[in-house]
Structures are given as structure tokens and as C-alpha cells.
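Visitor: Can you take me through this one? I have the sequence and the model open.

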Amino acid sequence: GHYISVDTSYEGEKAVLSSPELYSEEWSCVRLIYQIATTSEALPDPAKLNLYLRRQGESFDRLLWSAKESSDSWLIASLDLTNSTKKYKIVLEGEMGQDKAASIAVFEIKITPGYCIECDFEENHLCGFVNRWNPNVNWFVGGGNIRNSQSILPKDHTLNSELGHYMYVDSVYVKHFQEVAQLISPKTTAPMSGCLSFYYQLKQESSIVFTVYLRDTTGFYEEIWKTDSALSADWALAEVDFNAPYPMEVIFEVAFNSAKGGYVALDDISFSPVYCSNQTGTSFNPAQAGCNFEEDLCNFYQDHKDGPGWSRVKVKRNVYRTGDHTTGFGYYLLANTKFTSQPGYIGRLYGPTLPGNLQFCLRFYYALYGFFKMSGTLAVFIFEENHVVQEKIWSVLDSPKGVWTQAEISFKKPMPCKVVFVSWCKSFWDCGLVALDDVSLSLGSCQAADVLLPSPGECTFEKDECVFTQKKRGRGSWHRRRGPTPTSYTGPKGDHTTGVGYYMYIEASDMVYGQRAYLVSRSLRGTSGKQCLTFFYHMYGAGTGLLSVYLKKEGDDEEIPLWRRTGEQSISWLRGLIEYESDRNYQIIFEAIRGVSMRSDTAIDDILFQAGPCLEVEEIQFSSGYPDSLNEIEY
């Protein structure tokens with residue numbers, strides 16, 4: 001047969017293979033048979049194969065899958081494509097990296113309707129199911145009318161004939177007590193829930209245990225089905241509710257107790273997005289357990305016998321006191337805002353009830369302002385529903401910096417539970433200010449979320465400059481940095497993404513008055529319809545100059561100004577929103593101009609491109625200076 005491979009004679013270029021325009025209203029599965037062969041292990045820049053989804057009307061390709069593991073045989077990757085009303089293309093990209101002798105090859109790409117975990121075992125790739133090899137008991141392919149095959153059954157279930165195939169485990173080779181054979185499905189790559197069904201036959205002389213498990217990326221097993229009947233001489237249907245909000249594998253496991261254990265056969269695994277009992281499961285929406293406190297407390301509440309420990313406050317833009325994390329001029333929560341007559345206080349903020357037995361990742365931002373060490377002034381507890389059991393899962397350790405810092409906590413509880421934010425202090429001198437904002441909850445552990453691919457069109461500058469490059473004109477340039485900038489009374493103290501990550505800024509002490517620095521995106525795909533660009537900017541320092549954003553369409557000489565700020569704006573990171581459209585390919589340009597003095601460090605962070613109009617509107621696109629009402633807290 002034929003395969004296609006990357007031509008290695010082009011240095012440093014990426015090889016791109018794009019599908020015709022595809023359209024499927026149904027859920028479908030992409031199966032890719034590929035091989036990456038390298039000569040030497042562990043190069044810092046290995047050969048990589050990436051698969052992107054290019055949806056109509058989006059400027060950015062969505063990375064669905066990426067592989068760099070070298071192998072001396074063909075491997076199979078299975079990727080779920082959720083149903084969509086948009087046309088799309090699948091784009092394969094090969095990057096050779098540093099290994100000049102490497103090869104990247106693709107043997108087959110198949111897009112079939114249905115789900116990747118479904119299989120009738122009629123094709124030789126077995127839909128990407130794999131047997132976990134064991135010296136004695138293994139899953140084999142049965143059927144297909146092969147004379148010498150171990151085929152035990154006269155007919156499979158799919159074709160109901162001796163030509164069809166199925167999977168089976170036989171106890172003939174069992175040597176030890178409790179030997180286990182595992183058949184592992186491809187990992188789900190999109191959230192799905194519904195009914196998993198399969199047909200099985202079980203013939204036994206002594207006890208066989210046939211179990212189906214879900215295994216998540218952390219390796220945690222959850223049993224979802226087990227045989228109850230002793231015998232089924234014919235194909236029996238099993239149905240089980242299946243819920244995979246994050247990547248999971250389905251594992252079919254057979255355990256034998258003796259060599260006279262009989263056999264288990266399996267065929268026609270299928271999936272339906274409706275639960276087996278035909279009820280539509282109310283799936284939990286993690287967005288309901290988050291809050292940015294702009295409108296109200298969302299689904300959070302306080303217990304009034306504690307007194308009002310947390311208050312929702314807002315700071316107008318100013319150069320002394322930091323604003324909130326969401327926009328820089330919105331609302332956040334502050335504990336101990338009004339000094340009470342009592343020496344100490346306690347504030348408890350309860351979140352909504354979360355279902356049990358799900359893996360969660362909780363993220364939030366906190367900032368501390370105060371005197372000395374403030375360890376323990378903010379802690380996160382999990383209250384189980386009966387409110388008897390409470391467990392502390394996080395508490396603050398650091399000293400006050402006045403920077404919004406991100407915290408991440410993974411947890412999983414068997415019972416329904418609540419997250420509770422507790423802030424307390426014993427005496428006046430321990431009581432600084434504790435601020436909280438942008439609480440969010442997602443399914444899956446935080447580590448798994450980091451492995452997941454970044455959302456397209458987002459740049460946090462944590463790893464690199466993403467789609468942006470410098471356009472050098474003279475000495476002005478943007479620098480990637482973490483922590484505070486070198487000059488005092490200007491620039492941010494930390495980045496906007498986590499408080500300890502990277503941002504881009506201009507170092508005014510290296511530039512002269514009026515000098516410009518450009519950060520230019522690569523050419524982005526033009527689309528019909530509005531696009532929304534969100535970013536955060538930091539303009540603090542008495543000598544601050546200008547920050548402008550331009551749109552440059554392909555083929556045009558002039559750049560269209562979209563947004564501008566002049567002069568010192570705030571000590572906080574402020575959110576900028578720009579709505580624009582371009583049906584031709586285009587570039588976005590961030591231009592910073594150094595102001596009159598060294599106190600002119602301008603910074604940007606967390607750039608996000610989104611298809612569709614902005615959900616909120618910024619009143620002013622072009623403005624200078626900040627209002628006079630400085631340093632007021634509004635309760």
C-alpha cells in the first residue's frame with residue numbers, strides 16, 4: 001500500500017496537508033494511522049505531528065491532537081469530532097524539528113460517523129482498541145472463518161455469521177489464580193454522556209469476573225458494570241450509563257480463577273447520547289459554580305450568624321490601590337473591610353452544592369494587603385453535604401504583595417459537597433485585607449487541564465510570544481518578563497494570568513521619548529462577521545506614553561486604528577475590548593510609544609481572539625488620562 005510522508009528537504013518549514021471541506025451534523029470519529037521514526041532520542045525540539053480543526057468563520061485553527069513519541073510501528077489515534085453546523089477542514093501539520101533524519105508518515109485517515117468508543121471489530125485496526133499484554137491471558141480477535149483460529153463461537157454478533165469478528169478471552173492459558181486480561185478503548189477526546197451498550201457471551205466452569213471500568217488520565221478506576229448472570233450461551237446485551245466529562249478510557253476486564261474457567265466474548269460496542277433508562281441526565285454545568293462578582297455573588301452566599309465577613313467592593317481606576325482582577329475597574333470580594341469594634345472577625349463564603357464522585361479543578365485569584373506574614377488568613381474548606389465533615393484543602397502561606405495571584409486545587413469527593421472560602425483573624429494586628437475574585441470550577445483535575453490544548457487565539461505569554469513577533473524599527477522593542485519591572489513607580493508587579501507568570505512590556509529606560517515598539521501578529525484568516533479581541537494592559541507611571549492597537553488588512557498600506565490610551569491609567573491591569581471585522585487576511589499590531597520620563601513602562605498580557613461580537617461594549621475606544629476620583633473604595 002501507499003503512505004504519505006513529510007519531505008525533509010525543506011529546512012525549518014512545516015508540512016501542511018489539508019482535507020477537502022467537510023460537513024457532518026452527526027458526531028463523527030477521525031482515525032489516523034501514523035508513524036514518527038527518529039534516529040536519536042531526547043532532542044529538545046523533536047519531530048511532531050499535529051492535527052487541527054479549521055472551522056468556517058474562525059480565524060484560528062483548533063489543535064485537536066499532537067504526537068511526538070517515536071515508534072518503529074504504525075500507531076492509531078482516534079479523535080472525536082462533536083456535531084457542528086459549520087463546515088470544517090482537517091489540517092495535518094508535520095514539524096521536523098532538529099532531527100534531520102526523522103520521518104513522519106501517515107498511512108490512513110478515516111472519518112466515520114459515530115463515536116470513537118464504538119466498535120464492531122470487523123476492521124483490522126479494531127477501532128483503536130488495544131489489549132494490555134499479559135504473559136498468559138489476553139484478548140484475541142475471534143471469528144473470520146480462519147481454520148486454525150481459536151475461534152470458539154460459531155457466529156459473531158455483527159454479521160451473525162462465521163465470517164464476522166469479535167473479541168474474546170479464553171482461560172486455556174491461565175497459570176495463576178486471578179489472572180486478568182484487559183481490553184482498553186481509545187481515550188475520549190470530547191465530553192460525552194449517555195448509554196454505552198455491548199453484546200457479550202460468557203461460558204464458565206468456575207467463576208469468571210467480567211467487569212467494565214472507566215479510567216481517567218490520573219489512573220483512577222471506577223467500576224461501572226459487572227456480570228451478574230452465571231451463564232449466557234447466546235449473545236446477551238449489556239447497557240450501562242456512561243459519563244465522561246473529561247478524557248476517559250473504557251476498560252473491559254476479565255479475571256479468571258482457574259484454567260478451566262471457560263471464556264468471555266465481546267462484540268458490537270455502541271454508544272448513544274441518551275441515558276439507557278431514557279431519562280435525559282441533568283448534567284452538571286461547572287459554570288454555575290464560578291463567579292466574577294461583577295453583578296452579584298452568583299450562587300455563593302454567606303452565613304449571617306458570622307456577620308458580614310465578605311463585602312462586594314469596587315475601586316475606581318487609580319494609581320494607589322489595585323482594582324479587581326476581572327477588568328481592573330469592576331467588583332471583587334474583600335474580607336474585613338470595615339474595622340469592627342470586635343478584635344477579630346470571621347467570614348465564610350459558601351459555594352453551590354457540587355455532585356459527588358466527579359473530579360474537579362477549582363481556580364481563583366486572591367490578593368493580600370496587610371502588615372506582616374498573613375499565613376492562614378484565607379483558607380478553602382470542603383463541606384460534605386451533612387455539614388459534619390469539613391476538610392481544609394488549601395490555605396494561604398505567603399506574605400502580602402498586593403498582587404492578584406492564582407490558586408489551583410484539584411479535589412474529588414464521594415458525597416455531594418460545597419466549597420467554602422474562609423477568612424479570619426484573631427486580633428487587629430493580624431487583620432490585613434484579603435481580596436478574592438474570579439472563582440471558576442472545571443471538570444477534570446487541574447493537571448489534566450494543563451495537558452489539554454490551549455484554546456485557539458489565546459496568548460498568555462507563559463511559554464512564548466504565540467502568534468506575535470517584534471517588528472524592529474530603531475531601538476524600541478517589547479520584552480517578555482515575569483515579576484516587577486526594574487524601574488520603581490512604573491510597570492506591573494506581576495502578570496495578569498497567574499500573578500507569577502510572564503507578560504510583555506517596554507522598558508522605558510532603554511528608549512528615548514517618542515520611540516515606538518511594535519508587536520505584530522502573524523497573518524490571521526479573514527472571516528465574514530464580527531470578531532472580538534480582549535486583552536489586558538498596564539499603564540502605570542507618571543511619564544506613561546501611548547498604547548495603540550491597529551488592524552492591517554492584507555494588500556492595504558495603511559493601518560486602521562482600533563483603540564488607543566494615552567498617559568497613566570491605573571496601577572491595575574485593565575481590560576481592553578475591541579470589536580472589528582475583516583473579510584481579508586489581516587494582522588493585529590500593538591504599538592507602544594515611550595512617554596516623557598523613565599516612568600513609562602507599558603505592559604500587555606492575556607490576549608484573546610474570539611469569533612463573534614463582543615458580549616460587552618467598552619464605552620471609549622480612544623481616551624487619555626484617568627478620572628479625578630482617585631483611590632475611592634465603593635461598598
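Visitor: Where does Tyr-10 lie?
Guide: Tyr-10 is in the loop between β1 and β2 (14-18); strands here are DSSP runs of E, at least two residues, numbered from the N terminus. This is a predicted model, where local features need pLDDT of at least 70, side-chain atom pairs count only at pLDDT 80 or more, and totals for chains, interfaces and linings use all residues. Residues are numbered from 1 along each chain as its sequence is written, and side-chain values use heavy atoms, with hydrogens and water left out.

Visitor: Is Tyr-10 buried or exposed?
Guide: Tyr-10 is exposed, because its relative accessible area is 51% and exposed means over 50% (buried is under 20%, partly exposed in between; 1.4 Å probe, protein chains only).

Visitor: What separation do the C-alpha atoms of Tyr-10 and Met-96 have?
Guide: 9.4 Å, although the two residues are 86 apart along the chain.

Visitor: Now sheets. In what order do the 4 strands of the open sheet run?
Guide: The order is β1-β8-β3-β6, with antiparallel pairing; two strands pair if DSSP finds at least two bridges between them. β1 (4-5) and β6 (75-81) are at the edges with a single partner strand each, so one side of each has no neighbour in the sheet.

Visitor: How many bridges join β3 to β8?
Guide: There are 10, between residues 28-37 and residues 103-113. One of the bridge pairs is Ser-28 with Pro-113 in β8.

Visitor: And the open sheet of 5 strands, what order there?
Guide: β9-β12-β17-β14-β15, again with antiparallel pairing. β9 (130-132) and β15 (221-226) are its edges, each with a single partner strand.

Visitor: Which residue in β12 stands opposite Arg-132?
Guide: Gln-182 does. β9 and β12 (residues 179-184) pair over 3 bridges, in the antiparallel sense.
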